[in-house]
Amino acid sequence: MAEASSASSPTADKATASAAAEAGPSTTPVTQDAGSAEGKKQPVVVICIGMAGSGKTTLMQRLNSHLHSKNTPPYILNLDPAVSHMPYSANIDIRDTVDYKEVMKQYNLGPNGGILTALNLFTTKFDQVLGYVEKRAEDVDYVLVDTPGQIEIFTWSASGSIITDAIASSLPTVVAYIVDTPRTTAPATFMSNMLYACSILYKTRLPFIIVFNKTDVQPHDFALEWMQDFEAYQAALNDSARNESGESGYMNSLMGSMCLVLEEFYNNLRAVGVSAMTGEGMRAFFDAVEEARREYETDYRPELDRLAAEKAAQTEADKKAQLERLMRDMNMSEGGSGAGGPSRRRGGGAGGDNPFGPHPRNEREDRYLDDEGDDEIDEEEQDAIRRQQEEEEEAAGAEELGRLDVEEPEIGGMPRSGPQGERGQAWPRPM
Ligand SMILES: Nc1nc2c(ncn2[C@@H]2O[C@H](COP(=O)(O)OP(=O)(O)OP(=O)(O)O)[C@@H](O)[C@H]2O)c(=O)[nH]1
Ligand SMILES: [Mg+2]
């Protein structure tokens, strides 16, 4: 995977002057106090997400040129495999790794399937990408990420989640949701857009900035008003319904209710207006990014740390449980005695080694017994014991007789107390 040497802003923009004119507090690197708990400087990652044509790529180029003008060039990732012309050069470009047209051909896919598969393939290498980003983390203040135009490919695919989570667990990350302002002036479209933004916020759970783009064409005041004042939105809704059909239907009341529901959502995010074309609103944008970064540090990172600690504790508990199971299986758990410890043979001698090896089944007292045939085997055993007793009694009787009636003879020099003589059978019994 290739990493471009450095990002630049090849397309010098006409509006750099207007962007520079906005130089204010945001022009000082936001990472002055941005750092991890160890005090290490960390850049903030801005993931640009938005509907097709909302101006993500143009905004990336604007941010890039703005940051270059402040001598703080960003690190740029392009995750859109289908972009044909990029107005900036990315440090890491998905197109250098995967050719989505080739993917379409090879897998017989349409354009969206091709983009999705290309992103999936790229995701398999994302640990390397993250490695590159982390290597440069101390040199840059911002990492900018451009995403595919088909918003759902990034926001609802597994690879999109993997990429977002991987970045967010490594560096402070914020989502910039780009809205095409001129195309959002209809209350119904506005509501659809906000609902989509809401779904992304709750999916990623990352600090969120709504960026109303193209304010050079349409100022975003109406949107802010609708977000802050439910009645203003309701009035606009009624107006538009009257203009379209002369009456307000159930859709209106549904959207009115939705607006109330979204109030909570509006309270949790920040909205700014920018023009990627002219550079207007850059200061507000970077201020919002700084605020969102703080939110990441105070809300998201502790949650991340808590989840990491929970996962580590779970892994440790699993390891311990596995070890205990292993020890038990090896007959080495506490209270056991290693080889032959708890294994006791029925009627067997001291320490009896378990002949069947370490298995809980072999530790059972009745391991020689068939579960169904317990009684039958007990009888056999009793017979054996009885036979043994009879033999012992017989032997004892013979010995007694031998001692009473017979002079101990010398048979071939073999003493009577020889091994066979013990039971009195090696020499003839008295008649
Ligand atoms: N007037 C105006 N036009 C803009 C602005 N930002 C983007 N555009 C135009 O909007 C169109 C789409 O811009 P892109 O940057 O390609 O949008 P995108 O979201 O990256 O598009 P996809 O990646 O294809 O989804 C282009 O024609 C841009 O010139 C803006 O701030 N003002
Ligand atoms: Mg684009």
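These legends walk you through several close-up views of a predicted model. In this predicted model, local features need pLDDT of at least 70 and side-chain atom pairs count only at pLDDT 80 or more, while totals for chains, interfaces and linings use all residues; side-chain values use heavy atoms, leaving out hydrogens and water. Residues are numbered from 1 along each chain as its sequence is written, with chains lettered from A and ligands numbered from 1 in the order in which they are written.

**View 1. The shell around ligand 1 holds 17 residues.** The closest are Lys56, Thr57, Thr58, Asp216 and Ala276; a residue is near the ligand if one of its heavy atoms lies within 4 Å of it. By class, you will find eight polar, five nonpolar and four charged residues here. For this count, Ala, Val, Leu, Ile, Met, Phe, Trp, Tyr, Cys and Pro are nonpolar, Asp, Glu, Lys and Arg are charged, and the others, Gly among them, are polar. Helix H2, residues 56-69, gives the most to the shell, with three residues. Helices (H or I, at least four residues) and strands (E, at least two) are DSSP runs, numbered from the N terminus.

**View 2. Backbone atoms of glycine 53, serine 54 and glycine 55 meet oxygen of ligand 1.** A polar contact is a pair of N or O atoms within 3.5 Å. For glycine 53, a polar backbone atom is 3.1 Å from a ligand oxygen. Serine 54 places a backbone N or O atom 3.3 Å from an oxygen of the ligand, and for glycine 55 that distance is 3.0 Å. Taken alone, ligand 1 exposes 640 Å², of which the protein buries 70%; such areas come from the Shrake-Rupley method with a 1.4 Å probe.

**View 3. Asparagine 71 and lysine 214 each have a positive phi.** Most residues other than glycine have a negative phi. Asparagine 71, with phi near 60 degrees, is found in the loop between H2 and strand S2 (75-78). Its relative accessibility is 68%, so asparagine 71 counts as exposed. Lysine 214, at about 65 degrees, belongs to the loop between strand S6 (208-213) and helix H10 (221-228), and is partly exposed at 24%. Buried means under 20% relative accessible area, exposed over 50%, and partly exposed in between (1.4 Å probe, protein chains only).

**View 4. Cysteine 48 and cysteine 259 are both buried.** Relative accessibility is 0% for cysteine 48 and 4% for cysteine 259. A search of the whole structure finds zero disulfides, a disulfide being a pair of cysteine sulfur atoms within 2.5 Å.

Definitions and conventions
Polar contact = N/O pair within 3.5 Å; in protein donor to acceptor, adjacent residues only side chain to side chain.
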